[in-house]
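This briefing sets out the architecture of one chain and its contact with a partner chain. Please read it alongside the sequence and coordinates.

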Amino acid sequence: MLELKNITYEVEDNHDNKEILKDVSVTIDDHFVAITGPNGGGKSTLAKMIAGIIKPTSGQILLDGEDITDMNITERANKGISFAFQQPVHFKGLTVKDMITIAAGKDMSVTDICSILSEVGLCARDYIDREINSSLSGGELKRIEIAMIAARGTKMSIFDEPEAGIDLWSFNSLIKVFEKMRDEINGTILIISHQERILNIADKIIVIADGQLKQVGTREEVLPTLLDKAETCQTLVDKM
Amino acid sequence: MDLVQKNLLEQVAGLHEIPEGAYNIRANGGKLARNTTANIDIVSKTDKDGIDIIIKPGTVNESVHIPVLLSQSGLQECVYNDFFIGEGADVTIVAGCGIHNCGVDTSKHDGIHTFYLEKNAKVRYIERHYGEGDGNGENIMNPQTIVHLKEGSHMEMETTQIKGIDSTVRVTRGDLAEGASIEIHEKIMTHGKQYAKTDFAVDLNGDNTSCNLVSRSVAKGESKQEFSSIMNGNAACAGHSECDAIIMDHGCVTASPQLTANSIEANLIHEAAIGKIAGEQLIKLMTLGLTEKEAEEQIINGFLK
């Protein structure tokens, strides 16, 4: 269970303090939770804050009751938080095998890596020795990014807009990966997404706009309001 | 061989014992061991220090090891090794120099390697440099590799210098006749106050020649590196050079590529990138549970792999 208590995040912008997140409090204890809302509303900031990449200006983050607010990225990773980047990072010289092995935190046999890669729809033979660089397509990098999270198998897996930067065809097959993960992974999956198909399989949907928590509820409660209230979520409606 | 020499041999040649096949092990300025085969002859030079390695035409799947070990502090030497690779031969040559300097004097090995590749010959040349020591003596290596490639021949060079060499100037010269190609992969890591310079020049003289030079380096501490490459495209050729460097602490890297196209059919490309480790790479690895230091090590190991 993850609890965010009165999370505020301010940055200095032309000598003015700009509030990116304003007093956000929410508890995440369901199996599959989606965060949605317009671009620039603070979703990614919130995800990075949970992973420890950004420190809140004020507020508290609790993981299973333990205060992790002052823990660094590594400590949080070892407490069981995984984070899939929106833009996968390139590495010169590090291969898919290296990264999956690092993610798993133990030596992995080719068979182990193969089964992880096949979970995200990649054939291990073609990818295992490939470098994580621009020779891989956006869709391939995203899948490898997700495979790393699967290899860790932690209690909290965060995905920041897995649909961003990939074509629709790739995304359609990626959806299946998440549907499978939903059924197979224990622990919580927290996914930032604009995609209706992702929101449709969420147990809980959190809407964040203008740095504020606008709505929390089941998909039956939240989805209809998103589609009706065009003014709160124009971007989302556009994307759907 | 004593323990120090055995360790050096392992570092520069990956060998635990005396190798199979042809070899010449030079230790502290003299011949320690030599073996020739039916196809590979090794002959000491009479006019200067060094050896001639003569490989018969058509020799395939054979290898030559010529490691040099310096464990006596203050030893300084200049060695000339010439390689004659017969037509159609396909061989692997492993050279390398390891210095163990536990004294206060400067140890220095300058190796001048000249390769003559006959038509359609293929060579894979691996060179490793390694230095160690607990004294204050400096370890200096100045390798020169001169490559003459005849029609259709191919040379692959892998050079590695990871540790312990205080100063190095690596000179590589090449000339290529029609259809010849050369591929060079260089890896350097410097730390402390070390200095390393790569001085590379190649003439692509024949049609359908190609050259690919990839240099990856890491400069830590107060160390300095210079990368200079000259590629002259004198015919219908393809040349590519790439210098990628990571700088850390107060390390400094200068890259000076130079491309000259003397033929309208020459196609030459240079890429250079110098910078610190990207913050997002560190963050990504930290989200996988590594500490910042472990993340840094992984990134550098991968980069120099």
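How many helices and strands are there in chain B? In this predicted model, chain B holds three helices and 20 strands. Its radius of gyration is 20 Å, close to the 19 Å that the globule rule gives for 305 residues, so chain B is as compact as a globular protein of that length.

**Overall dimensions and contacts**
- The C-alpha trace of chain B spans about 55 × 55 × 35 Å along its principal axes.
- Buried residues make up 44% of the 305 residues of chain B.
- Among contacts in chain B with a separation of 6 or more, 81% are between residues 24 or more positions apart.

**The ten-stranded sheet**
- Ten strands of chain B form an open sheet with mixed pairing, in the order β2-β1-β5-β7-β9-β12-β14-β16-β18-β20.
- From one strand to the next, the twist averages 5°.
- Within this order, β16 stands beside β18; strand β16 (residues 209-219) and strand β18 (residues 237-247) of chain B pair in the parallel sense over eleven bridges.
- B:S217 stands opposite B:A245 in β18(B).
- Helix α1 (residues 3-13) of chain B packs on the sheet and touches β1 (22-27), β5 (60-70), β7 (90-100) and β9 (122-132) of chain B.
- The direction of helix α1 of chain B makes about 135° with that of β7(B).

**Parallel pairings of β17**
- Strand β15 (residues 195-204) of chain B runs parallel to strand β17 (residues 224-233) of chain B, and ten bridges join them.
- B:A196 has B:Q225 in β17(B) as its bridge partner.
- Strand β17(B) is also joined by ten bridges to strand β19 (residues 252-261) of chain B, again in parallel.
- The bridge partner of B:I230 in β19(B) is B:Q258.

**Contact with chain A**
- Chain B contributes 17 residues to the contact, and chain A contributes 20 residues.
- On the side of chain B that touches chain A, the elements giving two or more residues are α2 (279-287) and α3 (292-303) of chain B.
- Helix α2(B) supplies the largest share of that side, seven residues.
- By residue class, the side of chain B that touches chain A comprises seven nonpolar, six polar and four charged residues.

Definitions and conventions
Residues numbered from 1 in each chain as written. Chains lettered and ligands numbered in written order. Predicted model: local features only at pLDDT ≥ 70, side-chain atom pairs only at ≥ 80, totals over all residues. Pairing = 2+ DSSP bridges. Helix = DSSP H or I, 4+ residues; strand = E, 2+ residues; numbered from the N terminus. Axes fitted to C-alpha atoms, helices over the stretch in contact; angles between N-to-C directions. Contact = placed C-beta atoms within 7 Å. Nonpolar A, V, L, I, M, F, W, Y, C, P; charged D, E, K, R; others polar. Rg over C-alpha atoms; globule rule 2.2 N^0.38 Å. Buried ≥ 20, exposed ≤ 12 C-beta atoms within 10 Å, placed from the backbone.
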